[in-house]
Amino acid sequence: MTILCALSDFFFEYETPRQVLVRNRRVGVVCRLIQLGVLVYIIGWVFIYEKGYQSTDTAISSVFTKMKGVGYTNDSGGERVWDVADYVFPSQGDSSFVVMTNYIMTEGQSMGTCPELPGKHDCSTDADCEGGSFKRTGNGEMTGVCVKRTKTCEVLAWCPVEDDREVPDPPLLLSAENYTLFIKNSVTFPAFDVSRSNLVEDIDSNYISRCLYHPDNAPLCPIFKLGDIIKLSDLDFQTIAKVGGAIGIVVDWTCNFDVDVKHCKPEYTFHGLYGSKEGASVGYNFRFARHYMEDKIQKRTLLKVFGIRFDIIVHSLARKFDIIPTLTAIGSGVGIFGVATVVCDLVLLYLLPKREFYKNMKFKYTDTQVQVRPLQK
């Protein structure tokens with residue numbers, strides 16, 4: 001019977017809002033303060049800060065790089081000039097590349113047997129050198145022979161083995177500080193059908209030939225001095241050049257297409273991603289070999305390269321007015337205004353001393369079976 005009554009009430013009753021004017025200063029102030037807070041949130045945060053009246057899009061990006069500069073070294077009496085083909089890896093102009101600043105060169109290596117370096121696998125007898133086995137930090141396969149002269153195991157490897165125990169200090173290619181980097185970046189915002197390049201309207205070939213990036217005097221110049229990049233990344237060039245590191249160059253395209261497209265210009269920032277702080281495995285290095293034939297014997301020159309890795313990262317966000325997000329933001333704001341009514345009703349109906357009185361004023365119960373007859377004159 002109770003269930004039938006509940007179903008009957010659900011289907012045959014209707015609730016209509018009833019407006020009650022409550023003259024209570026405290027409740028009135030609470031209501032207006034909440035409404036003011038909601039209004040500030042909608043205007044200040046949603047519309048002004050978050051740009052809720054605009055739609056957004058991110059860019060499809062392409063980055064091309066080119067290095068310029070020549071270095072000179074005189075290592076152990078061997079003079080050498082280094083150009084872009086020698087010190088940039090890889091050489092295709094990618095958005096991620098390494099500039100060599102220091103190296104350890106082992107020339108004339110050929111395949112054969114030779115002793116390991118001291119500390120790699122020390123021995124006193126042949127029994128200490130297990131033939132056919134490898135050591136993770138070693139340079140080759142052990143032959144089972146202990147070389148008495150060096151007291152290290154003999155290995156089958158590229159000989160003589162590389163000696164990288166001492167890193168050249170100061171770095172051999174300190175001239176890298178004066179190398180220059182050219183960045184060419186193009187972006188396309190598909191949603192708005194807009195394409196831009198970091199070679200904006202004010203940049204021409206004459207400007208590029210004489211400009212050098214400066215955050216204040218030349219913020220749009222696409223040519224950067226490596227020493228300036230390291231400095232703007234809060235790192236010391238000589239320290240990072242010795243053992244290597246990583247630098248992030250961020251090209252930021254934050255554009256508002258409600259104004260002229262020509263105002264959409266890139267901003268460059270620089271971040272030290274991996275420096276040469278004290279700790280395990282500091283810096284950045286890799287090995288590179290150049291093979292050649294001499295007297296019908298295959299030989300190679302091995303370089304342990306210490307360098308600065310540059311990662312060019314494009315960050316993009318474009319905005320433009322759109323009626324749909326505007327109406328959505330307004331609608332959600334109007335809905336949030338209802339919070340003030342809910343809070344004030346809770347205060348009136350459950351917290352104030354006269355809550356029963358306010359409850360009787362707010363809710364009115366009617367019965368359809370009771371007929372109210374009109375007064376007779």
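Two strands pair if DSSP finds at least two bridges between them. Strands β9 and β11 (residues 223–225) meet that test, because 3 bridges join them. They run antiparallel. The model is predicted.

**Strand β9 and its partners**

- Strand β9 spans residues 180–189.
- Strand β2 (residues 60–68) is joined to β9 by 9 bridges. These two strands run antiparallel.
- Within that pairing, Ser61 has Val187 in β9 as its bridge partner.
- Strand β10 (residues 194–197) is joined to β9 by 4 bridges, again in an antiparallel arrangement.
- Here Val187 stands opposite Arg196 in β10. Val187 therefore faces a residue in β10 and is also the bridge partner of Ser61.
- A hairpin is formed by β9 and β10, with 4 residues between them. Asp193 lies in the turn and has a positive phi of about 55°.
- On the β11 side, Thr180 stands opposite Lys225.
- In a regular strand, side chains alternate between the two faces of the sheet.

**The glycosylation site**

- An unreviewed UniProt entry places the feature "glycosylation site" at Asn178.
- Asn178 sits in the loop between β8 (152–159) and β9.
- Is Asn178 buried or exposed? Asn178 is exposed, because its relative accessible area is 52% and exposed means over 50%.

**The nonpolar cores**

- The largest nonpolar core has 51 residues.
- Met67, Met100, Ile249 and Phe310 have the most contacts inside this core.
- Which strand gives the most to this core? Strand β15 (residues 297–321) does, with 6 residues.
- Leaving aside neighbours within four places in sequence, Met100 is in contact with several residues, including Trp82, Tyr87, Phe89 and Leu173. Its contacts also include Leu303, Val305, Phe306 and Gly307.
- Another core lies apart from the largest one and has 11 residues. Among them are Cys114, Leu117, Met142 and Val161.

**A residue in helix α7**

- Val334 is found in helix α7, which covers residues 323–351.
- Val334 is exposed, because its relative accessible area is 55% and the cut-off for exposed is over 50%.
- How many residues apart along the chain are Val334 and Ile42? They are 292 residues apart, and their C-alpha atoms are separated by 9.2 Å.

Key
Residues numbered from 1 in each chain as written. Predicted model: local features only at pLDDT ≥ 70, side-chain atom pairs only at ≥ 80, totals over all residues. Heavy atoms only, no water. UniProt positions renumbered as here; feature names shortened; annotations may be inferred. Buried < 20%, exposed > 50% of the residue type's maximum accessible area, 1.4 Å probe, protein only. Core = buried A, V, L, I, M, F, W, Y, C linked by side-chain atoms within 4.5 Å. Contact = heavy atoms within 4.5 Å.
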